[in-house]
Amino acid sequence: MVCSHIENATLTPPSAYTQVHKEECTQCFDNQDGPEGIDVCLTCFNGGCLDATRHHALTHHQLSGHPLTVNIRRIIVSQPKRTSDDGTPPPQKISKIAIVMENEEPQYEYITKVRCYACQGAEEAKESTPKLNAIVDAILSSLSSAKKSEVKAWEEVIEPCEHTLCLVQDPPKKLEQQDLAHCADCELKENLWLCLACGNLGCGRKHYDGSGGNNHAIDHFQKTGHGVNVKLGTITAEGTADIYCYSCDDARLDNDLSTHLANWGINVAQQTKTEKSMTELQLEQNMKFDFSMTTEDGKQLEPKFGAGYTGLKNLGNSCYMASVLQSVFNIESFQDRYYKQLNDHYMTCTLDPANCWHCQLHKMADGLLSGRYSQPLTNDEGVQYQDGIAPAMFKALVGKGHEEFSTMRQQDAFEFFQFLCKTVQQKEHASKKDPTQAFDFMTEQRLQCGKCKKVRYQKDQTSCISVSVPARKIQSGEENAYEPVDFTECLDAFVKDEILEGYNCSNCKEKTAATRTVKFSTFPDILVMNPRRFAFVDWVPQKLNITIKFPEGPIQLDKYKSQGQQPGEELLPEDDHNASDNASSSEPSFNQNDIDQLLAMGFSENRCKRALLNTGHNGAEVAMSWMFEHMEDPDIDDPLPATSNNAAASNEPSEAQISTLQDMGFSAAQAKKALRETNNDTERALDWLFSHPEDSGENFEQSNDAVEEKLVGNATGPFDYKLNSFVSHKGTSVHCGHYVSHVYKNGEWVLFNDNKVAVAPNPPIGEAYLYFLQRQ
């Protein structure tokens, strides 16, 4: 006889939109393959482990009152054969996962039993009652939350655009076979693109390495404005093909492709795919990027196991996230906050664990640092390896609502680091235990008018720097060969004087040339530095192979500290905000040289200024990179945000905006002031609040000088640093290729290459994309 809780339970099977956590515990990385399996709640479908110490399934029952679970344990019935009939290994299959190849799935058997925690864990078979059997079968057949995330890795979201929907074609004409044999402007016979507007056939883009086409399809677009093209050889009988819109500069969908091709005498039903699609080519290229797991003499790198040596499985282009997490969780402040301080958080948390920030950060810290999931396994060749952990739940939570990080596309590791820090700051605002404070410091900008010689000083808070790497081309046979540069050269370039033409001097009352210099006012515990090695060649971002030479011993940064106002220096008067020339314009000031460089490349002035604003006025090169990455932003051509006091005061913030900021732990007074200071832009107001933590918002009319300045970073030398970790990148662009992390642990460098962890005797320090320097 079944217990009363089963008899009286009202159980609803999961729908297609329900998150079912049946593969892994929501609060640790124990999974259904373990000896105890996973308990899935029959009420809310939370997954909990049965570990005697953590007992997350029991704790879920105690906090939620949900008594019934189904225990799911998965065992392997048969492993796939790794050789073909002739004894040769099967070919690698292309996958969207950078470096990782798709393997054949083994066959599994699932063992289930229903457990009632209200009856001291009494167990029943799922066949005990029809409704119990039905809901357990529904759970087993449902797509797990982890699998739903995995499915996205195989989906490329391509949509129609106005140019494919409103395509206007020339009068019908049958293209003869010879017309489709080669490019109309050269003899290339592959990578050919047919213009659907006029029937012209052109070859594709020329790649950075000289391969690909001769740009004749693009040339045709620039001459005629015909943007919609289809790649010959990718057309299938089902009516699918590679469609590219040069007007949008992106892959698109043509819902009427059969009709548009028929206009040129091409019958879709008779077509056979003969060339690789753009996605297949990109994936094939990604397969070539790898970080060697062998030493120079061909020996396998020594694998590492145990506490602090857990790898992260690649979810599908997730190496950018994994490499940053390995570096970040090697920092003491992150270990203290998310591993030690939150160790008992699960015992009192009443939120959905899969959507609780602290639950997921502790889960990640526990998974990486405990060593529980870094146990040696041995393959058929006798080589030791580890499975690692899959950060799917964390990725889904941290990327929720973000246009890029919520997708399964490859991303920029530096941008993800900045996004992660911003998210942590927001989540930890109320707790006052923000571990990202280890990155925070102040820079000081010194501005001197070239005519009157008066100066102005301004301090800004930041958490990282991006520095240009001097590029000195080697005159040799290699196309992408550059001289190595010293680490100090990069910082010298960061602090060097910059000439600002057209500066509107508040003392001279005219436009002059000014000199701007940025140095460190304080230094952080962890200095994060991104060396920029990219240049634009023929409008294509190209990665430059420049090695950075690090000094032996401590990295001394004392000479880069600002000295503040010097004796005899006279300060520039404050700008007169009531003057007619300033009152008429509420735009920020810009370096005219940067504006001119970007305008010369064909960008609109509004786009140039928006790019400079969003990149912190770090020069035309950085702004140009930003513009290429944000061409499709819906607000790219919107008016710039106003900054004048009059503009801000003329429009009071809405109650909804104030409420949004209050929900994040700020007072109404703080929210109002932040919104007024940022022209009622909620996102910018949030940034303003985090950069003015000591401002209570009271007495809005008082001068900002009256607000007590909070000391961020450390101003007491010496400022000596050592390299703690670094993130490296292989590939031609930060948005493709592969990222790994090298971390200094226990006196040796360790390579974290997805779920592969090994000692790195010769780490490529000079090739890093992101450095984490720890103050000594």
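Two strands count as paired if DSSP finds at least two bridges between them. Keep that rule at hand for the first stop: select strand β13 (residues 441–449) and strand β18 (residues 510–520), which pair in the antiparallel sense over seven bridges. The strands and helices on this tour are DSSP runs numbered from the N terminus, with helices being H or I of at least four residues and strands being E of at least two.

**Before you go on**

This is a predicted model, in which local features need pLDDT of at least 70 and side-chain atom pairs count only at pLDDT 80 or more, while totals for chains, interfaces and linings use all residues. Residues are numbered from 1 along each chain as its sequence is written, and side-chain values use heavy atoms, with hydrogens and water left out.

Now zoom out to the whole protein. You are looking at 22 helices and 28 strands. Of the 776 residues, 46% are buried, where buried means under 20% relative accessible area, exposed means over 50%, and partly exposed lies in between (1.4 Å probe, protein chains only). Among contacts with a separation of 6 or more, 68% join residues 24 or more positions apart; a contact means heavy atoms within 4.5 Å.

**Stop 1**

Then widen the selection to the open sheet of four strands, which runs in the order β14-β13-β18-β17 with antiparallel pairing. β14 (455–462) and β17 (498–505) stand at the edges with a single partner strand each, so one side of each has no neighbour in the sheet. Ignoring direction, neighbouring strands here are turned by 35° against each other on average.

Next, select K509, in the loop between β17 and β18. K509 is not a glycine, yet its phi is positive, at about 60°. With 64% relative accessibility, K509 counts as exposed.

**Stop 2: strand β28 and its partners**

Select β28 (residues 768–775), where seven of the eight residues are buried. Strand β19 (residues 526–532) pairs with β28 in the antiparallel sense over four bridges; look for L527, whose bridge partner in β28 is L773. Strand β24 (residues 720–730) also pairs with β28 in the antiparallel sense, over seven bridges. Here S725 stands opposite F772 of β28.

Then select P718, in the loop between α22 (682–691) and β24. The peptide bond from G717 to P718 is cis, with omega near 0°.

**Stop 3: two helix pairs**

Two packed helices are described by the angle between their axes and the distance between the axes. Axes are lines fitted to C-alpha atoms, for helices over the stretch in contact, and angles run from 0 to 180 degrees between N-to-C directions.

Start with helix α10 (residues 332–341) and helix α11 (residues 357–369), which pack at an angle of about 105° with their axes 8 Å apart. That makes α10 roughly perpendicular to α11, since angles of 65 to 115 degrees count as roughly perpendicular, under 35 as roughly parallel, over 145 as roughly antiparallel and the rest as oblique. To see the contact, show Q335, R337, Y338 and Y339 of α10 with W357, H358, L361, H362, A365, D366 and L369 of α11.

Now move to helix α20 (residues 655–662) and helix α21 (residues 668–677), whose axes come within 9 Å and cross at roughly 120°. That makes α20 oblique to α21. Q657, I658, L661 and Q662 of α20 meet A668, A671, K672 and L675 of α21.

**Stop 4: a few single residues**

Select Q426 in helix α13 (residues 413–427). What does Q426 contact, leaving aside its neighbours within four places in sequence? The contacts are L686 and F690. Q426 and L686 are 260 residues apart in sequence and 8.5 Å apart in space, C-alpha to C-alpha. Q426 is partly exposed, with a relative accessible area of 23%.

Go on to N191, in the loop between α5 (162–165) and β6 (192–195). Phi of N191 is near 55°, a positive value in a residue other than glycine. Is N191 buried or exposed? N191 is buried, with a relative accessible area of 18%.

Finish at helix α2 (residues 56–64), where H56, A57, T59, H60 and H61 are buried. The buried residues of α2 pack against β1 (38–41) and β2 (47–48). Just after α2, select G65, which takes a positive phi of about 80°.
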